[in-house]
Amino acid sequence: MTTLTKEADVPAPRDAGASGAFLSVRDLYVHFDTEGGTVKAVDGLSFDLERGSTLGIVGESGSGKSVTNLSILGLHNPKKTDVSGQILLDGQELTGAREKTLESLRGNKMAMIFQDPLTALSPYYTVGRQISEPYRKHTGASKRDAHLRAIEMLDKVGIPNAKLRVNDYPHQFSGGMRQRAMIAMALVCNPDLLIADEPTTALDVTVQAQILDLLKDLQQEFGSAIIFITHDLGVIANVADDILVMYGGRAVERGSVEEVLRSPQHPYAWGLLTSMPRLSSDVNEELVPIKGTPPSLLAPPPGCPFHPRCDYVDQVAGGKSCSGDRPMLPAGRGAACHLTAEQKQTFFIEQIKPRLG
Amino acid sequence: MLRFFSRRLAGAIVILLVISAVTFFLFYAVPRDPAMLACGKNCTPDALEVIRKNMGIDKPIPVQYWEFMSGIVTGRDFAQGACPAPCFGYSFANSDPVWDTILDRFPTTVSLSIGGAVVFLFIGLGAGMIAAWKRGTLADKVFSTASLVLSSMQIYFVGPLVMALFVFNLGLLDQPKYVPLSEDPAAWFMGLLIPWLVIQIIFTANYTRLARSSMIEQLAEDHVRTARAKGMSGKFVFFRYAWRGSLIPIVTIFGVDLGSLLGGAMITEWTFSLPGLGKLAVESVQKTDLPMVMGVMLFSATFIVLFNVLVDAAYAFIDPRVRLA
Amino acid sequence: MRTARVSVVGLAASALILTGCSSGGGGGDEGVSKDDAAKQQVKYEFGDEQASTGPAEEVKGAKKGGVLTVYQRDSFAHLDPAQMYVSDEGSMSTLIHRRLTTYKRDNSGKYTVVGDLAKDSGQSSNGDRTWKYELKDGVKWEDGSPITSKDIRHTFERQFAPFVSEGPVFIQQWLAGKSGTGYRKMLPDGPYKGKHLPDKVLETPNDKTIVFHFKSPQPDLPYALGMAGYAAVQEKGDTKEKYDKKPVASGPYKVASFKSGKSMKLVRNDNWDPKTDAVRHAYPDSHDIQFGVSYEASTKRLSSDSAENKTAVSYSNQVDASSMQEVRSNPDVKKRSLAGYQPYVGKISFNMDRLKDKKVREAIAYALPAKSLMQAFGGSGGGELGGSYLSPTVAGHTGADPYGKAKKPLGDVKKAKKILKESGKSGMKLTFAFQNSPEWQEFSIAAKDNLSKAGFDVQLKDIVSDTYYDQIGKTKNKYDMYHSSWGADWPSASTVIPPTLDGRQVQDGASNYSHYNNPQMNKEMDRISKITDADAAAKEWGKLADSILKEDLPDIPLMYYKQIQLHGSKVGGVVLNDVISGIDPTQLYVKK
């Protein structure tokens with residue numbers, strides 16, 4: 001289970017070392033220098049994750065969810081990226097770690113599955129070779145053993161006739177098979193942390209379900225912690241234990257899957273839910289997209305980054321201004337919003353829930 | 001594989017036929033009469049008639065074209081004697097057999113192109129990859145600037161400059177000259193050194209830029225990121241994953257460059273007075289020497305087409321997604 | 001003779017024609033000094049037996065040995081004498097082929113026609129209708145066999161064979177007494193099917209003697225026999241078409257290898273006996289000729305005088321126009337340069353079918369700036385101002401300049417304007433066609449400027465270099481004026497005036513570009529052609545040329561073409577020979 005506690009009174013930020021979490025991210029800032037100025041891709045993010053559990057990170061494109069995970073793996077360009085804060089993996093500090101250290105962790109203790117298996121696999125080498133490469137590197141296995149391991153992994157991820165297909169090139173695989181191969185590659189060294197960056201987005205729906213099931217099964221077998229990045233709430237309901245909703249480089253709401261999906265507290269989360277089609281809804285009912293556009297990361301709006309798109313700015317009382325004061329996300333269950341807890345509940349029940357059908 | 005090559009061969013023949021027809025008919029579109037040029041003092045209609053007959057240009061142009069083309073396959077008989085296949089006829093200008101002349105000139109062009117190409121390919125790739133690897137550093141800036149400057153230069157400018165400096169003023173290098181490799185390897189090397197250097201300067205610059213940009217492009221590819229994400233070292237990723245992909249544009253351009261160099265490096269050969277195919281082509285055009293123009297044109301075109309096929313075959317070798325069919 | 005196609009495709013004269021010429025030449029940097037009295041009375045003597053006896057006078061300081069590197073722009077298209085016409089080949093030809101007569105140049109630059117294979121320049125009788133030649137003793141082919149009168153007969157008879165199409169045709173026509181190609185009917189297959197010319201035409205009474213019988217007087221025969229095209233061909237070694245690649249040598253050198261377009265190596269011919277040769281030497285062990293070296297490249301190489309270029313020279317490559325200034329201003333290069341005449345006279349031809357009013361032609365003639373033309377061709381190294389049809393290298397040259405082209409080199413616009421006004425045609429349209437080459441472009445602009453000031457409405461029409469002579473050679477062309485040039489085949493005006501000014505020669509492709517046809521002048525040409533005294537004939541030609549220019553003005557001459565040639569510092573014996581329009585290869589030696 002996750003360390004995200006449901007009691008609102010847990011102070012934040014907590015002492016990361018003391019949390020005992022497998023992965024602990026504290027006050028993470030990731031800034032890129034570009035010609036147009038500094039892009040604040042991740043702007044003060046904290047979360048924890050325990051072994052064997054799954055954290056779903058939801059958000060629009062550009063909300064900083066992918067960048068967060070690339071910086072955990074240290075795959076950003078160090079010359080152009082300014083990373084500060086703390087990333088502790090099993091007690092080991094990753095920010096500012098040497099490239100050699102990160103190399104030995106990548107693919108070994110932490111692995112990543114990318115969104116588009118077509119471009120993420122090299123077209124020039126066989127699937128087997130690409131799977132066995134990290135295994136040989138991290139375990140020092142012989143070529144032969146690594147090859148056998150690749151077959152075993154392909155078999156495990158459900159590739160029929162793995163012995164033969166191991167010598168195929170990625171283009172000889174179907175989309176779903178490629179993603180299975182990708183997963184096999186990520187899991188070949190039994191990583192403790194698996195980051196899946198929209199692993200099903202590029203796949204069609206039936207294949208999506210298969211891949212999700214596969215991930216769940218494998219998690220049970222390997223006991224890995226998974227960060228599951230998606231913009232699809234439907235997918236996340238299926239796989240995650242906890243949810244982190246990101247907006248403009250920050251976390252705006254967190255809680256268990258249940259909590260966030262059943263009673264979301266942030267107007268942005270409401271927007272996400274209402275913009276998603278449901279089977280049970282009336283076909284004539286219009287989906288309501290969130291108005292406006294995602295915020296510029298070069299010059300994020302002051303105060304609450306969501307305020308230019310928020311319908312409830314007028315409702316905020318108590319001398320707080322959405323455009324002036326930045327709302328903080330409380331530790332544990334909660335949302336970064338100036339609305340009072342009652343307002344949140346009332347608005348959700350009265351205005352949002354009916355539209356969710 | 002076999003199907004690929006036979007299909008491409010058929011395609012090549014069609015291309016060559018088109019090129020030959022265009023060359024042949026364009027030649028006659030220019031209002032110049034090769035017989036008139038060959039006809040000496042007090043040229044009269046009878047004399048012209050005799051010359052036309054000797055040259056085989058007394059018949060209608062399509063018939064001439066047919067005779068020329070079929071002669072390549074079957075051979076022909078001329079006043080100068082029998083001309084076995086592949087027969088491109090005899091030069092209008094000096095009555096030499098065209099095919100023999102081409103074979104005689106080809107070694108010069110081969111020496112020039114292959115020698116130059118080896119140097120520019122390797123130095124260019126090396127410099128480009130270093131620039132990509134050290135992107136943004138001083139080394140990158142030096143290489144990039146140098147290659148930009150050099151690639152905007154022209155052989156006919158750099159050539160005489162290099163000659164003036166190293167041959168005429170300093171006397172360090174030999175004047176360009178072609179001596180067959182079999183005759184005197186040292187003289188062969190020294191005689192071609194300057195042309196190689198000059199071809200190299202210009203081509204290397206292009207290859208540096210090409211290698212740099214395609215490496216940088218490849219380094220941004222998803223699969224390269226994947227390789228890094230699975231813990232492969234920077235060097236490994238660079239030389240295995242990124243490099244393989246960056247070869248494709250390089251091989252493409254190299255194939256075209258080498259093919260056209262082998263078909264005759266006109267400007268280079270002209271600049272250095274080297275008796276290769278390119279110079280032969282220019283001279284033949286000036287002399288209205290149709291059989292020679294046709295012969296050189298087809299020979300050069302064959303190389304260009306051939307190298308296109310080789311480039312495609314190389315794609316299949318580099319990229320398993322490409323299938324030869 | 002063929003027109004000088006100066007500046008074809010950005011190169012200078014593409015086909016220099018074998019030609020004769022008077023003085024000039026001479027070593028030294030200035031080469032040709034201008035208009036001294038000697039040159040205005042050009043005269044070639046026909047040498048006797050003594051003048052024709054070898055060995056040739058030694059070149060001062062010359063040593064045997066060494067390898068001479070020779071840069072040539074164009075490969076030799078022919079090695080068979082019968083196919084030779086251009087002067088590059090003529091230069092080389094003198095090293096390997098001997099003729100009945102040849103031109104001897106003495107150290108003062110005086111030329112004499114002497115016997116080469118023959119004992120003298122020829123004995124004529126029957127009013128120059130019969131010419132007898134006797135071969136020297138000891139003249140041999142490269143295989144050691146003697147050169148006999150049978151070989152000489154064969155040499156001329158094979159000129160009638162159909163495969164011979166590119167050499168000179170004068171003597172064939174004279175023998176047949178027919179113009180055009182009618183001579184071929186006399187011996188349609190040449191000597192190859194066992195037939196020969198009858199003795200009443202060409203006679204060989206013994207192995208040493210050959211007699212020519214002509215139907216009309218041929219006073220120019222000794223000149224014509226000196227052409228490369230009439231050099232001897234061995235009967236036994238005659239391989240017809242193939243002879244063109246592998247000729248049998250009679251001169252001081254033989255062909256060791258010949259790779260068309262690439263290179264040629266000439267080595268000493270041991271069967272050539274210097275005692276039989278009044279003209280040639282064979283100092284270097286070999287001539288290594290490289291083809292395909294452009295004028296620009298040979299100029300750069302030779303002026304650098306770098307190691308391997310010290311012993312290099314070119315028989316006929318000139319300094320390219322753009323380098324002339326530099327060559328003349330750099331003293332080190334200048335002292336290794338020679339300047340001399342080319343055989344060509346550059347002129348502007350008027351289309352007499354369109355410009356019928358002589359006043360108009362006169363106005364143009366006065367207006368044109370001759371100096372601009374000279375400058376376009378590289379200044380005084382490229383040409384000399386000149387106002388008459390006969391160049392200083394042709395017997396009969398008078399130095400007349402009726403339209404002041406040398407005296408007022410910038411053109412006399414005022415006078416032109418006045419004359420045009422008198423004709424009442426001020427403001428008339430005038431189309432000037434020129435070759436699309438840098439030199440002529442430059443000149444056309446200067447010419448248009450002057451002509452406009454004189455009151456013409458000038459239209460410039462540039463024509464692609466390659467087709468220029470085809471275009472202006474059409475009798476129905478639509479241009480009012482165009483440039484043309486002409487050079488003599490041998491230093492007699494008989495190879496200049498009739499081909500360019502005989503009105504009976506007006507036809508498409510012929511060289512009477514102005515379409516000039518004055519029956520009275522035609523008659524005069526016929527009369528002078530029959531004069532057997534060469535000196536008297538030369539004088540008459542000179543007079544005729546000047547009177548056509550003065551009275552009818554079909555073309556206005558502007559310039560006598562000149563050239564500069566370079567050689568490496570270790571090459572000696574470098575003299576220009578105007579007969580072959582270039583450096584005489586037989587006098588060269590390699591300095592130790």
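This is a predicted model: local features need pLDDT of at least 70, side-chain atom pairs count only at pLDDT 80 or more; totals for chains, interfaces and linings use all residues.
Local features need pLDDT of at least 70 and side-chain atom pairs count only at pLDDT 80 or more, while totals for chains, interfaces and linings use all residues. Residues are numbered from 1 along each chain as its sequence is written, and chains are lettered from A and ligands numbered from 1 in the order in which they are written.

**View 1. Chain C as a whole.** Chain C holds 16 helices and 22 strands. Helices (H or I, at least four residues) and strands (E, at least two) are DSSP runs, numbered from the N terminus. The radius of gyration of chain C is 24 Å, close to the 25 Å from the globule rule for 592 residues, so chain C is as compact as a globular protein of that length. That radius is taken over C-alpha atoms, and the rule is 2.2 Å times the number of residues to the power 0.38. Along the principal axes, the C-alpha atoms fill a box of roughly 75 × 60 × 40 Å. Buried residues make up 60% of the chain (buried: 20 or more other C-beta atoms within 10 Å of the residue's own, with C-beta atoms placed from the backbone).

**View 2. A five-stranded open sheet in chain C.** The strand order is β9-β10-β11-β2-β12, with mixed pairing. Two strands pair if DSSP finds at least two bridges between them. At the edges lie β9 (253-259) and β12 (312-313) of chain C, each pairing on one side only. Strands β10 (residues 263-268) and β11 (residues 286-290) of chain C run antiparallel, joined by five bridges. C:Leu266 has C:His287 of β11(C) as its bridge partner.

View 3. Helix α8 (residues 185-219) of chain B has 35 residues. α8(B) bends by about 45° at B:Leu193. The bend is the angle between axes fitted to the seven residues ending there and the seven starting there. A proline, B:Pro195, follows within four residues.

**View 4. Where chain B meets chain A.** Here 18 residues of chain B are in contact with 25 residues of chain A (contact: C-beta atoms, placed from the backbone, within 7 Å). On the chain B side, α9 (222-229) and α10 (234-262) each supply at least two residues. α9(B) gives the most, with seven residues. Chain A and chain C do not touch; their nearest C-alpha atoms are 48 Å apart.

Definitions and conventions. The expected span of a helix is 1.5 Å times one less than its number of residues. Two residues are in contact if their C-beta atoms, placed from the backbone, lie within 7 Å. A residue is buried if 20 or more other C-beta atoms lie within 10 Å of its own, exposed if 12 or fewer, and partly exposed in between; C-beta atoms are placed from the backbone.
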